[in-house]
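Please open the model in your viewer and keep the sequence panel beside it. We will go from one selection to the next, and at each stop you can check on the screen what the text describes.

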Amino acid sequence: MARFARLVPRGPTLLIIGVLAGLAFPALADGVRPLMAAAIFVLVLGTFLQVDGTAFRRALRRPLVWLLLPALAMLASRPESLPLAVGFAARGAGFRPELIVALVLSVCAPPSSGTAAVARMLGFDATIPLAVTLLSMALAPVTVPLIAAGFADLALDPLALATRLALLVGAAGALTLLLRRQAAARLVQHARIIDALVLASLLLFAIATMAGVRAQIEAQPAAAFTCVGLAFACNLALQLCGALLTPGNLAARLTSGLILGNRNVGLVWSAMGAAVSPMTALFFAATQFPIYMTPRLIEMLVRRERKENASP
């Protein structure tokens with residue numbers, strides 16, 4: 001994992017640059033937007049190729065991976081669950097209905113597809129976030145429509161969600177098996193190129209997520225400020241929750257925080273289609289800021305710990 005961190009020592013900074021570039025140059029973000037699906041596929045494929053199969057199977061046997069983290073991320077779909085708790089808290093605070101719906105749906109979304117790649121970038125073990133993400137995606141067609149219907153009175157098609165996720169994961173998984181069978185030695189030889197492609201896809205996705213966001217910010221600056229603030233607060237709170245609930249060293253705790261904090265709201269966004277209100281869309285877009293900016297903060301925490309451990 002440290003190889004990726006050495007290859008792109010400023011990877012977290014590049015992600016921030018990508019988000020800011022998408023904001024500063026709306027035409028660039030609009031032009032890159034059609035490539036978002038391809039970027040996600042390359043991201044998942046590259047992560048599959050760089051994760052050791054034996055380590056992945058070993059990770060799946062850990063209760064933290066197959067039970068605790070997926071349960072925290074996805075199975076909290078009952079009335080006392082985290083998504084609904086967030087929704088009721090938002091209602092009590094007097095937030096607008098569209099913003100409450102956006103908060104609830106963002107929290108019940110599965111972990112972001114790029115979490116494993118970000119973990120590798122930071123020098124963490126990517127097998128755990130990859131395993132938890134895949135397990136959570138398998139649960140998403142059940143849990144996300146339940147939350148959407150129960151709290152927001154939205155009808156999301158579970159079959160469409162399942163099909164979209166199966167195509168993404170199945171195609172990437174099948175291609176990974178084929179490449180490993182036919183060109184395993186070359187994959188090892190060109191590991192740095194694969195890492196660079198993963199970083200490029202993350203950067204491309206960061207830029208693409210900003211399509212239309214600048215216009216929304218200019219049209220509703222107060223609402224945009226509120227959405228960004230709430231997005232950071234929600235993300236950081238979930239990351240802190242994951243870090244506090246996970247045993248182990250700082251890297252393991254921060255990895256769990258990434259899993260719980262960074263959510264694939266794009267999945268819910270696309271499933272809602274025309275039902276997305278402008279305020280909900282604005283909040284969904286705002287959730288991308290902490291996803292791409294907090295890795296830099298985590299990188300600083302890790303470096304600080306390493307310096308403290310290295311000092312006599």
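Which residues are buried in H14? Before you colour them, bear in mind that this is a predicted model. Select helix H14, residues 221–245, and you will find that Ala-223, Ala-224, Cys-227, Leu-230, Ala-231, Cys-234, Asn-235, Leu-238, Gln-239, Gly-242 and Ala-243 are buried. The helix has 25 residues and reaches 36 Å from its first C-alpha to its last, which is close to the 36 Å expected at 1.5 Å a residue.

Now show the whole protein chain as a cartoon, where 18 helices and zero strands are to be found. Of the 312 residues in the protein chain, buried ones make up 50%. If you consider the contacts between residues at least 6 apart in sequence, 83% of them join residues at least 24 apart.

Next, select H15, residues 250–261, a helix of 12 residues that reaches 16 Å from its first C-alpha to its last, close to the 16 Å expected at 1.5 Å a residue. Nine of its 12 residues are buried, so H15 is largely enclosed by the rest of the structure. Among these buried residues are Leu-250, Leu-254 and Leu-258, together with Thr-255 and Ser-256.

Because angles over 145 degrees count as roughly antiparallel, H15 is described as roughly antiparallel to H18. Show the side chains here, and you can see Leu-250, Leu-254 and Leu-258 of H15 meeting Ile-298, Leu-301, Val-302 and Glu-305 of H18. Sorted by class, this contact has six nonpolar residues, no polar residues and one charged residue.

Move on to Val-19, which is found in helix H2, residues 11–24. Is Val-19 buried or exposed? Its relative accessible area is 0%, so Val-19 is buried. Leaving out residues up to four places away in sequence, Val-19 touches Ala-206, Met-210, Phe-289, Tyr-292 and Met-293. Select Ile-207 as well, and you have a pair that is 188 residues apart in sequence, although Val-19 and Ile-207 are 5.2 Å apart in space from C-alpha to C-alpha.

The next stop is Ala-172 in helix H11, residues 158–189. Ala-172 is also buried, with a relative accessible area of 0%. Apart from its neighbours within four places in sequence, Ala-172 is in contact with Phe-41, Val-44, Leu-45 and Phe-48. The C-alpha atoms of Ala-172 and Leu-49 are separated by 9.3 Å, while the two residues are 123 residues apart along the chain.

Thr-127 is buried, with a relative accessible area of 4%, and its C-alpha is 9.2 Å from that of Phe-48, a residue 79 residues apart from it in sequence.

Finally, select the cysteines Cys-108 and Cys-241. Cys-108 has 4% relative accessibility, so it counts as buried, whereas Cys-241, at 30%, counts as partly exposed. With a disulfide taken as a pair of cysteine sulfur atoms within 2.5 Å, the count comes to zero disulfides.

How values were computed: Residues numbered from 1 in each chain as written. Predicted model: local features only at pLDDT ≥ 70, side-chain atom pairs only at ≥ 80, totals over all residues. Heavy atoms only, no water. Buried < 20%, exposed > 50% of the residue type's maximum accessible area, 1.4 Å probe, protein only. Axes fitted to C-alpha atoms, helices over the stretch in contact; angles between N-to-C directions. Helix = DSSP H or I, 4+ residues; strand = E, 2+ residues; numbered from the N terminus. Parallel < 35°, antiparallel > 145°, perpendicular 65-115°, else oblique. Contact = heavy atoms within 4.5 Å. Nonpolar A, V, L, I, M, F, W, Y, C, P; charged D, E, K, R; others polar. Expected span 1.5 Å × (residues − 1).
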